[in-house]
Amino acid sequence: MQQHEIHHFLERYFEANECTVEARHPSYMKIQLTVELDKLLMNRPFYWHYLEKTGGVPNPLALTLVTGQQTPPDGGGEFIHFGSPRLHQIFASTKKLGSFIRMYESITQHSGQNIALHPWLCVNMKTSYQCDRKKDRISSYGIHLITGRMVESFHDKLSNLPLTRKIPDFCYTLSPFIRPISGLKRIEALVEQEIRQDDHSWAEDAKTRWREDEELLDRFYEDEEEKPEYYHVEKEALRTQYEPKINVDIINGGLFYLSETVMS
Amino acid sequence: MNLNINFNREWHDEFIKRMDDDGPWTKWELYNLALEAEKNLSIPDFLGLQAPGHLPQLTFLPHQLEVAKTVIEKMNGKAILADEVGLGKTIEAGLILKEYMIRGLAKKVLILVPASLVLQWTGELNSKFFIPAVAQKKSYVWEQCEVVVSSIDTAKRQPHRDIVLNQDYDIIVIDEAHKLKNKNTKNYEFVQHLKKKFCLLLTATPVQNRVEEIFNLVSLLKPGHLGNQENFDKDFRNDKHSLKNEEKLKQLVNKVMVRNRREETGLKWPKRFVKTIPITLSETERNLYSSISDLKELPQFSRSKFSVLTLQREVCSSREACFMTLKNMLQKDPNSEHTIVPIMKKIEEVTQNSKAMKTLELVQSINDKVIIFTEYRATQLYLQWYLQQHGISSVPFRGGFKRSKKDYMTHLFKNHAQVLIATEAGGEGINLQFCQHIINYDLPWNPMRIEQRIGRIHRIGQKGDVHIYNFATENTIEERILNLLYNKINLFESVIGELDEILAKFELKNIETYISDIMLNSESEGEMKVKMDNLASLINLGGGIKKKGWEEHATARDSSFS
């Protein structure tokens, strides 16, 4: 992530969370936090606890973040780069703030006819391939909750559509035939099938490395009838180090009500 | 193939709940930000390093990046990091640790370092690597904090021991790991029982003088890599000290050890300029030296010739240093009054310190930061007083100082004083690379200690050339040791790593005693010369001390004694 990308991300983040941007500069920004964001980012639970007990007027902090060479005229400010703990804290907070959604396709209707919006369930997922090494893959799937049709790269397709939080005028939603929980299971089944078809030489290689180390360990204790406790500790450690695992996590997702043909 | 796939379904329950409650639902922009954040944090490939992108304020040297890649991709995260002093082993360890943490392969981390370095490690991991390391102070820290720095002596003691051995660590880092070469120690046994996935052992001196030491160290890291004790002995051991199939052993060891040498890193090291400065004793000083040298002939000194040698060396330093020793001798043995008191009288007659005068002259002409090394506390105090008399401020430095005091003195030297007067190299982790001049006011008889002195300023981060001034008092043992040994082995132009190995190889660990022995027990100047020559050629033969990179400066050496 380049510095200007970080800058842009932060601006969008604070605006989306309804904070006032008090100073705007290509190289820094000063943000008046809301109460919610102060609680989330500033790590001062005692203050908020005290305030709630006494009923005082909340006074959320302001935050100055620097992303470029120039610092604000009044000095100070936290320098934010890709590794800085503050950015990672903000990244982590987006997971709390942006996990569950429901949106409608924004349709402007002139004919006066009512339009049906079809229910889709979308999930964005992270698949981690892990042994003593690790790789992630992000994917996105949508399932039509009436027909059961599944669509890959669903999020990218959504990004090209006008979406709104309120159901547009002259539109109505169709009720799903497939329950969302079943939809999630069907997506899981598809993901699992796709994973099984992947190339897994990485896992084979990890097992070879694992076996090699285990053979060494066995050789080290080959003369001992009664293996010491340490042998078992080490053997277990080798398992946790090398054993190939695939973890699938959902990043976020939700319901999208879309017109009939938009995903075809 | 049989794959272990795990779906995390935590999200499902919360989603169903929000369906039932009809919200709350997030905004489209926040939804997108959450996905973008995750995309930025995801690891695109099994190979390669992510950490440098997270640490834009650090500049890694090419060999450091290479080490990190090798350890992770070729050694599967179990390695002995054995770069020569000053190449940045700590940085390499931090980089590897950071990489594993970014990849989510390490959460629970234990870092075992010498007690004096706990705070430094904790500080550097936090400030340079943004790794939230915590120095172990209370016993709850073991369980509640993810990255803990501690001394091995604390960790292995109860009540800590049981708690620590119960943790499942992802990575264990051990600094100064050569202290674990003996498998019959409590430390070794403790480390052996730790539960660990990845492990980094840091040491500057991996090659030891006993064959089983390398076996023990590797077996701690990767048991069986060198076989078990029995087949290791069969395959590689000749006798107690020597090896067979050395090439094969080396190959095996290199699979778990990375070792960069200064000359191989391709780094532009600062140049070393070495100058020997002859000191001529004044008449009274010469009288004193002669009368001490004569003591050797006295029968009551026949069994403590060593103390005569010490006195001789002290006279070359300062009359104060000499006086302290004489006073102690007198206290121990009041009968020696008739020999010692006349010498004390001679000390009183000395009116000047020729070496100190030369020091003053040199410090004034350098007109920049200077470190003066002396062997004696009394000389240190005297020099500080003497320089003060001439308007030069200095700070003292001793090995016995606490860590915080060392840091404070370094700070004072950097910002407020021209001169630092040290009796010892200052120990591990003291960096004085903002200074470019060293005066070896008197010389230790252990070449390692000289290299440690120079190593404090001749290291990465030194921007300019390094100037080394060796004082040699004419017609004394000081001059003799310089000419007979140090100049023959190119000591001042070479580097410690190799010397270290050579001395270990020949079991010359106690080289100081060995040299004293030559000095004392040689019947004649000729015999002494021959013995010293032998020592020098032994060192040069044992792989020699190469002086690559510095050849062109060898001429810069003063040749007034050759």
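View 1. The model shown here and in the following views is predicted. Within this pairing, A:N247 stands opposite B:N6 of β1(B), while A:V248 has B:F7 as its bridge partner in β1(B).

**View 2. Strand β11(A) and its pairing with strands of chain A.** Strand β11 of chain A spans residues 245-258 and is mostly covered, with 11 of its 14 residues buried. Strand β5 (residues 100-105) of chain A pairs with β11(A) in the parallel sense, over five bridges, and in this pairing A:Y104 has A:Y257 as its bridge partner in β11(A). Strand β6 (residues 115-130) of chain A pairs with β11(A) in the antiparallel sense, over 13 bridges. For A:T127, the bridge partner in β11(A) is A:V248, a residue that also has B:F7 of β1(B) as a bridge partner.

**View 3. The contact between chain A and chain B.** On the two sides of this contact lie 64 residues from chain A and 56 residues from chain B. Of the side of chain A that touches chain B, β11(A) gives the most, contributing nine residues. When the residues on this side of chain A are divided by class, 30 are nonpolar, 14 are polar and 20 are charged.

**View 4. Packing of helices α15 and α16 in chain B.** Helix α15 (residues 305-317) of chain B packs against helix α16 (residues 319-332) of chain B at an angle of about 150°, and the axes of the two helices are 7 Å apart. Because angles over 145 degrees count as roughly antiparallel, α15(B) and α16(B) are described as roughly antiparallel to each other. From α15(B), the contact is made by B:S307, B:T310, B:L311, B:E314, B:V315 and B:S317, and these meet B:A321, B:C322, B:T325 and B:M329 of α16(B). Taken by class, the residues in this contact of α15(B) with α16(B) comprise five nonpolar, four polar and one charged.

Definitions and conventions. Residues are numbered from 1 along each chain as its sequence is written. Chains are lettered from A and ligands numbered from 1 in the order in which they are written. This is a predicted model: local features need pLDDT of at least 70, side-chain atom pairs count only at pLDDT 80 or more; totals for chains, interfaces and linings use all residues. Axes are lines fitted to C-alpha atoms, for helices over the stretch in contact, and angles run from 0 to 180 degrees between N-to-C directions. Helices (H or I, at least four residues) and strands (E, at least two) are DSSP runs, numbered from the N terminus. Angles under 35 degrees count as roughly parallel, over 145 as roughly antiparallel, 65 to 115 as roughly perpendicular and the rest as oblique. Two residues are in contact if their C-beta atoms, placed from the backbone, lie within 7 Å. Ala, Val, Leu, Ile, Met, Phe, Trp, Tyr, Cys and Pro count as nonpolar, Asp, Glu, Lys and Arg as charged, and the others, Gly among them, as polar. A residue is buried if 20 or more other C-beta atoms lie within 10 Å of its own, exposed if 12 or fewer, and partly exposed in between; C-beta atoms are placed from the backbone. Two strands pair if DSSP finds at least two bridges between them.
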